[in-house]
Amino acid sequence: MSAFKSDFLNILQERGFVHQCSDFEGLDALAAKGEATAYVGYDCTAPSLHIGNFLTMMMLHWLQQSGNKPITLMGGGTTMVGDPSGKDETRAMRTIAEIEANKASIRGVFAKVLRYGDGASDAVMLDNAEWLTKLNWIEMLRDVGKHFSVNRMLTMDSVRLRLEREQEMSFIEFNYMVCQAYDFVQLSQRAGCRLQMGGSDQWGNIIMGVDLGRRMGSPQLFALTTPLLTTASGAKMGKTAQGAVWLNADQFSPYDFWQYWRNTEDADVGKFLKLFTTLPMSEIRKLEALQGSEINEAKKVLATEATALLHGRDAANEAAETARRTFEEGVAAETLPTELMPEHEQKYLFGPDGLAVIVAVQLAKLAKSNGEARRLIDSRGVKINDETVTSATKTLTQADLRDGAIKVSVGKKKHVLLRPA
């Protein structure tokens, strides 16, 4: 028996998206009528969103699939302030030009999982710079600021945790939750938005918006958050040896994205199939029931489906085939991720001294330091052109080039082609 009347909340509950909700009954009634217009905000701090943002994009996807309307809110204004949530120090201030460039780079990713248009449930994209940058300071203090209790603001995690760790918080950061709350009220007035969704770290900020809406005469607003995204071993999800798992293909290739999911821990396969694919639950239950070596087939399905959702079916199939050739046939496929060798390092490769293998591993972004590269080599975890490296003092020369590149591998699943620039 379904726990809710609305398809939206039933889907989210069954697939593991729900952490906290301000009013399940009220939101359920709204969504059941197809009247739950909801938004998620995305600040423009980098040229690409990351895998944590992919989770909230999927929430908007299921909102739309259940007949409700999603709003993707670009943080052209709030990025100028900087969200202090989960940070020990003030975020680097971006220039307006940087924010605009990041915004332009980010925009395209949403259309991968949402349908935009003029229909009742079609997604729309807005930008909070439209109202935040036009505010008059005195009017803002008088009309909006009067509704905020500093005592309460100090109890919010984004502020409290920073102060407890005796880390300085700037006045501009302290105002971030005011801006985010004001966004919710503006979207309620402009677009009939009644629900804000986000990660669990955003709960306090979202609730401030719900409260501000009540004080400023908005219809009842709702908050819904997802659990913190972690792996079964307790690690924060979304980090690799190369850094963050970005959503833009030019920041993190479809092949790397496929590999990221292929390397999922056994215990996480079912959870990630529910969160990051659109496969029916009946199929997911069959896949997560697989045991032993068969779980690897479920991981391949996860990798292909998640990659197809974000980068398209052709890119996903190409990544899967590249992986099959690389791991099952042991060949260096041209579609492996490539790193270019800086000119100042090429002189060693083409010179009498050779390029140190510990440097090559770092240039391939498979280790972050000499020490890490040395440990990988000492544990027989590094291969050059499919040959295990047995000594950290090994050097590479132009004779190691195969079709203009050197294949650098760490373990069985991380392979990079290192090419002279």
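The dialogue below treats a sheet and then the ring pairs.

Tutor: This is a predicted model, in which local features need pLDDT of at least 70 and side-chain atom pairs count only at pLDDT 80 or more, while totals for chains, interfaces and linings use all residues. Residues are numbered from 1 along each chain as its sequence is written, and side-chain values use heavy atoms, with hydrogens and water left out.

Student: What is the order of the strands in the open sheet of 5 strands?

Tutor: Strands are DSSP runs of E of at least two residues, and helices are runs of H or I of at least four, both numbered from the N terminus. Two strands pair if DSSP finds at least two bridges between them. Here the order is 9-15-14-11-12, with mixed pairing. Strand 9 (338–341) and strand 12 (387–388) each have a single partner strand, so one side of each lacks a neighbour in the sheet. Strand 11 (residues 382–384) runs antiparallel to strand 14 (residues 406–410), joined by 3 bridges; V382 stands opposite V410.

Student: How many aromatic pairs does a search of the whole structure find?

Tutor: Rings of Phe, Tyr and Trp (its six-membered ring) pair if their centres lie within 6.5 Å; planes under 30 degrees apart are stacked, over 60 edge-to-face, and the rest tilted. The search finds 10 pairs. The ring centres of Y39 and F184 are 5.7 Å apart with planes at 65 degrees, so this pair is edge-to-face. Y39 belongs to strand 2 (residues 38–43) and F184 to helix 10 (residues 176–191), so the pair ties together parts 145 residues apart in sequence.
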